[in-house]
Amino acid sequence: MRTIDAMRSYSSTLRQSGKTIAFVPTMGFLHEGHLSLMKKGRELADRVVVSIFVNPTQFGPSEDLAAYPRDEARDLEMVEATGVDAVFIPDAKQMYPEGFQTTISLKALPAHLCGLSRPGHFEGVATVVAKLLGIVRPHLAIFGEKDYQQLLVVRQMVRDLELNVDIIGAPIVREADGLAMSSRNMYLADDQRKAACSLYQALTESKKRVKAGEISADTIIASAEALIQAHPDTRIDYIAVCDPKTLDAVTAIDGPVLMAIAVKVGRARLIDNMILTPGT
Ligand code: AMP
């Protein structure tokens, strides 16, 4: 479906017949990470709707909007093979017609991690997700823990605005070498691939150290930094150890914490994260 009207009437017909709808919003150029969310949707609801929309308002002026990879034909084959029932592919003109003027911004969550290096990003995300939820009207929507901060932002918005949809998180799907799957991995040249894996290595190494009794976030961050910087072509944006609910920085690791990393490898900005738990 390429129009908001078509999507709306599909969804209201389903609702009238008592069917439940799971929704998976994406920016396309799909991979197994996206498909895992769709499979989860199939388990949890009668019908699965996927959206493909490269949302311009969540990209900064110097980011990769124009270069963002797209392959609609391949995406459609993949969703079909995964048993998705409907795909919503709006264009930017429909989503942001002339005169559009409403945005949703959160006070605290975006003042951390990616929100600091990508000003306006989470406002773009929250606004487009609210709009998509209003069009698709799903019973539940599924988001990947790969974009952990995004998941928290969406949950908070849904709670604050009483949007009446269940937000479900799904685990990070990785390549065999540990690299978190991402549409942006296609920017990586062959010789940058090893450097890209250093995010996962730093996270697993940190997890081991915390399990073995290390409680200093500074120590954990310093060794992760050294591990990543040992690879050529890496530019660290942030390495953070923080509270998994508020994203506030943690100094002493005395309970589960979120370790989150953003690194530019060549022109690909990569993110990854892991929960570290003392003694486990
Ligand atoms: P995107 O197309 O990058 O906007 O991602 C669409 C959805 O897929 C978001 O909820 C992401 O968190 C999720 N996603 C992307 N990569 C992965 C991954 N490797 N594992 C699990 N979920 C993912």
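T234 is buried, with a relative accessible area of 16% (buried means under 20%, exposed over 50% and partly exposed in between, using a 1.4 Å probe and protein chains only). The model is predicted, so local features need pLDDT of at least 70 and side-chain atom pairs count only at pLDDT 80 or more, while totals for chains, interfaces and linings use all residues. Residues are numbered from 1 along each chain as its sequence is written, and side-chain values use heavy atoms, with hydrogens and water left out.

You will find T234 in strand β6 (residues 234-242); helices (H or I, at least four residues) and strands (E, at least two) are DSSP runs, numbered from the N terminus. A polar atom of the T234 side chain lies 3.2 Å from the backbone oxygen of I228. Leaving aside neighbours within four places in sequence, T234 is in contact with A195, I228, Q229, V263, K264 and V265, where contact means heavy atoms within 4.5 Å.

Now to the helices. Two packed helices are described by the angle between their axes and the distance between the axes. Helix α6 (residues 121-136) packs against helix α7 (residues 148-160) at an angle of about 55 degrees, with the axes 10 Å apart. That makes α6 oblique to α7 (angles under 35 degrees count as roughly parallel, over 145 as roughly antiparallel, 65 to 115 as roughly perpendicular and the rest as oblique). From α6, the contact is made by F122, V125, A126, V129, A130 and L133, and from α7 by Q149, Q150, V153, V154, M157 and V158. By class, this contact of α6 with α7 has 10 nonpolar, two polar and no charged residues.

L152 also lies in helix α7 and is buried, at a relative accessible area of 12%. Leaving aside neighbours within four places in sequence, L152 is in contact with L109, P244, K245 and L247. I89 is 63 residues from L152 along the chain, and their C-alpha atoms are separated by 25 Å.

R137 has a positive phi in a residue other than glycine, and so does N164.

Definitions and conventions:
Axes are lines fitted to C-alpha atoms, for helices over the stretch in contact, and angles run from 0 to 180 degrees between N-to-C directions. Ala, Val, Leu, Ile, Met, Phe, Trp, Tyr, Cys and Pro count as nonpolar, Asp, Glu, Lys and Arg as charged, and the others, Gly among them, as polar. A polar contact is a pair of N or O atoms within 3.5 Å; within protein, one must be able to donate a hydrogen and the other to accept it, and residues adjacent in sequence count only if both atoms are side-chain atoms.
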